Amino acid sequence: MTATPLELFGVETLLDDETKDIAQTVRRFGQDHLRPQVAEWFEAGQIPARELAKQLGDLGVLGMHLSGYGCTGATATAYGMACLELEAVDSGLRSLVSVQGSLAMFAIWRFGSEEQKQEWLPRMAAGEAIGCFGLTEPDFGSDPAGMRTRARRVGQDWVLDGTKMWITNGSVADVAVVWAQTDEGVRGFVVPTTTPGFSAPLIKGKLSLRASVTSELVLEGVRLPAEAMLPEAQGLSGPLACLNEARFGIVFGAVGAARDCLQTAIDYAGSRAIFGRPLAGFQLTQAKLADMTLELGKAALLALQLGRLKDTHQLRPAQVSLGKLNNVREAISIARECRTILGAAGITGEYPIMRHANNLESVLTYEGTSEVHQLVIGREVTGLAAFR
Ligand code: TGC
Ligand code: FAD
């Protein structure tokens, strides 16, 4: 009798029935509708974003942890498990969902006016409108406080000028949540992408997260009515609060990518004969598999602990940093080690491992690099900020 790595940790026993059902449903959707095509999308560097958004909306995962306005109102842990199952297929697909639900929708849900919520959230939950979130700029990634995008008052209106970089969903978005400097500090703006002066050129040539749309946002005299500003977000804490939400999903998502790599390596090692017997029967291979099983299980338990804290409203940003740093770092290490087990076959698109490993390079960098999360944790345990 054998057990999968996560069965060995008894991870399922920590989930309630509803969460298990949601995870199963998303897993089945991934197997049936995403997995058969994802390697092709990755190779082509193109996804059918609109069609996918609609399907994911029908599945109920867009903004699923938000309440009202057509959102499912699921628990944070259930949302995490959905991210896990999506990222088991591809980090780019989880990214689409993270940016839509945790960044663009969350920003409007948490900081928007009633009119902004009514206008955008039901359509975004249904996948009929796609959102993006523009915080990073060409010269300001880890340090968004330095952003140069500026919003100035002209009469009652706002006029935005600047450039955002590396923006997921940018070129396919109907609405962009854009963060800009104003005379009263950083503010957020809800920008319909049809507004004159707004464009979102696609970034090409990525070797990672190819099954995801990544774009530049160019704002040249984008004129918006006064009501386009998010009334409840003032200062950098607004966008950083949105990042907590998306980072939380990544804590779970990384477990999904690593699980897929490890299961692929276990299956491959069981069927690959080396020196006349299965690769899985060699001690060196088993040492690798055992060590990866441990790290995967520990990452899943950490994710579930953070889920428990979030569901009881106790989760602090530095705790999200613990999960993002550990789980993405371990996932990429697992992906690389699993690749060795597959030998040359591991470098092909026939198996998902190299795709996951490449994707995880982006995941390691976005939503706060490993170094940023080390510094957040360092600040927490020493009381000294070492960012600058
Ligand atoms: P700092 O002085 O620490 O804080 C400024 C204000 O923000 C508050 N704050 C937070 N609030 C909520 N959540 C957090 N995590 C927060 N961290 C800080 C803080 O209390 C303060 O509030 P107030 O009221 O006193 O003004 O800010 P800092 O400039 O020193 O920066 C700290 C640092 C480096 C940790 C922060 O800038 C940071 O996290 N940098 C990384 C940037 C980042 O992660 N960008 C991600 C862009 S989005 C993206 O990558 C999407 S990827 C696609 C996908 O998800 O799939
Ligand atoms: P930099 O900030 O220039 O960092 C370069 C290196 O310096 C890193 O190793 C970093 O850790 C290190 N470093 C930084 N500060 C310190 C320090 N104090 N001490 C020591 N080392 C330090 N952004 C959005 O706003 N919206 C999106 O939708 C979005 N999607 C993305 C999708 C993809 C595929 C990618 C790759 C990125 C995306 N990003 C998005 C941008 C992402 O958040 C940034 O890339 C990230 O925050 C890092 O910024 P940077 O690339 O400018 O690197």
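This is a predicted model: local features need pLDDT of at least 70, side-chain atom pairs count only at pLDDT 80 or more; totals for chains, interfaces and linings use all residues.

The dialogue that follows treats the two ligand sites in turn.

Visitor: How many residues surround ligand 1?
Guide: A residue is near a molecule if one of its heavy atoms lies within 4 Å of it. Here 26 residues surround ligand 1, and the closest are Ser95, Asn244, Arg247, Gly368 and Arg388. By class, the shell has twelve nonpolar, nine polar and five charged residues; Asp, Glu, Lys and Arg count as charged, and Gly is among the polar.

Visitor: Which helix supplies the largest share of that shell?
Guide: Helices are DSSP runs (H or I, at least four residues), as strands are (E, at least two). The largest share, six residues, comes from α7; α5 (91-111) and α11 (370-382) each supply at least two.

Visitor: Which polar contacts does ligand 1 make?
Guide: A polar contact with a ligand is a pair of N or O atoms within 3.5 Å. Oxygen atoms of ligand 1 lie 2.7 Å from a side-chain N or O atom of Arg247, 3.0 Å from one of Arg379 and 3.2 Å from a polar side-chain atom of Arg94. Taken alone, ligand 1 exposes 1100 Å², of which the protein buries 73% (Shrake-Rupley method, 1.4 Å probe).

Visitor: Which residues come nearest to ligand 2?
Guide: Of the 17 residues around ligand 2, the nearest are Thr136, Ser142, Trp166, Thr369 and Glu371. Strand β3 (157-168) gives the most to this shell, with three residues, and α10 (353-365) and α11 each supply at least two. The shell divides into eight nonpolar, seven polar and two charged residues.

Visitor: Where are the polar contacts of ligand 2?
Guide: A nitrogen atom of ligand 2 is 2.7 Å from a polar side-chain atom of Thr136. The backbone also takes part: an N or O atom of Phe133 lies 2.9 Å from a nitrogen atom of the ligand, and a polar atom of Leu135 is 3.0 Å from an oxygen atom of ligand 2. Of the 980 Å² that ligand 2 exposes when taken alone, the protein buries 67%.

How values were computed. Residues are numbered from 1 along each chain as its sequence is written. Chains are lettered from A and ligands numbered from 1 in the order in which they are written. Side-chain values use heavy atoms; hydrogens and water are left out. A polar contact is a pair of N or O atoms within 3.5 Å; within protein, one must be able to donate a hydrogen and the other to accept it, and residues adjacent in sequence count only if both atoms are side-chain atoms.
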